[in-house]
Amino acid sequence: MLALSRKKNEAIIISNNVEITVLEVKGDQVKIGITAPKDVPIYRKEVYMQIQEANKEAVNADGVEALRNLGIM
């Protein structure tokens, strides 16, 4: 993991097309702004993990049903 120090209104650039700017710092909270192309999905990690888990469950459920339909299970 790369750890960088930034102050309010300072930014970092990722891969030439994603910019992350520190908007505000209050106590232990940091508000950031993200500028990225529309085709780049941006999620909070906890939401991303929920999506991944839901996708795994859907694949497992659909995969088992698909195998049943093929007469494999």
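Close-up 1. Two strands are taken to pair if DSSP finds at least two bridges between them. The two strands form a hairpin with 2 residues between them, and G27 in the turn has a positive phi of about 60°. Across the pairing, V22 stands opposite I32 in β3. In a regular strand the side chains alternate between the two faces of the sheet.

Residues are numbered from 1 along each chain as its sequence is written, and side-chain values use heavy atoms, with hydrogens and water left out. Because the model is predicted, local features need pLDDT of at least 70 and side-chain atom pairs count only at pLDDT 80 or more, whereas totals for chains, interfaces and linings use all residues.

Close-up 2. V25, V30, I32, I34 and I42 make a nonpolar surface patch of about 430 Å². Such patches are made of residues with over 30% relative accessible area and no salt bridge, nonpolar side chains (Val, Leu, Ile, Met, Phe, Trp, Tyr) being joined within 5 Å and like charges within 9 Å. Accessible areas come from the Shrake-Rupley method with a 1.4 Å probe, and for residues only the protein chains shown count as cover. Strand β3 (residues 29-35) gives the largest share of the nonpolar patch, 3 residues. Another member of the patch, I42, lies in the loop between β3 and α1 (45-69). With a relative accessible area of 45%, I42 is partly exposed, a class that falls between buried, under 20% relative accessible area, and exposed, over 50% (1.4 Å probe, protein chains only).

**Close-up 3. Salt bridges link charged side chains.** The structure holds 4 salt bridges, each defined as a side-chain nitrogen of Lys or Arg within 4 Å of a carboxyl oxygen of Asp or Glu. K31 forms a salt bridge with E24, with the closest N and O atoms 3.5 Å apart, and a network of salt bridges links E24, K26 and K31.

Close-up 4. E10 is found in the segment before β1 and counts as partly exposed, at 28% relative accessibility. The C-alpha atoms of E10 and V22 are 5.8 Å apart in space, although the two residues are 12 apart in sequence. Leaving aside its neighbours within four places in sequence, E10 is in contact (heavy atoms within 4.5 Å) with S5, I20, T21 and V22. E10 also forms a salt bridge with R6, their closest N and O atoms being 3.6 Å apart. R6 is partly exposed, with a relative accessible area of 41%.

**Close-up 5. Two tyrosines form an aromatic pair.** A search of the whole structure finds 1 aromatic pair. This pair is formed by Y43 and Y48 and is tilted, with 6.2 Å centre to centre and 40° between the planes. Rings of Phe, Tyr and Trp (its six-membered ring) pair if their centres lie within 6.5 Å, and planes under 30 degrees apart count as stacked, over 60 as edge-to-face and the rest as tilted. Y43 counts as partly exposed at 46% relative accessibility, and Y48 is partly exposed as well, at 37%.

**Close-up 6. Two asparagines have a positive phi.** Most residues other than glycine have a negative phi. Phi of N9, however, is near 70°, and this residue lies in the segment before β1 (11-14), where N9 is exposed with a relative accessible area of 59%. N16 likewise has a positive phi, of about 65°, although it is not a glycine. N16 is placed in the loop between β1 and β2, and with a relative accessible area of 79% N16 is exposed.

Definitions and conventions. Helix = DSSP H or I, 4+ residues; strand = E, 2+ residues; numbered from the N terminus.
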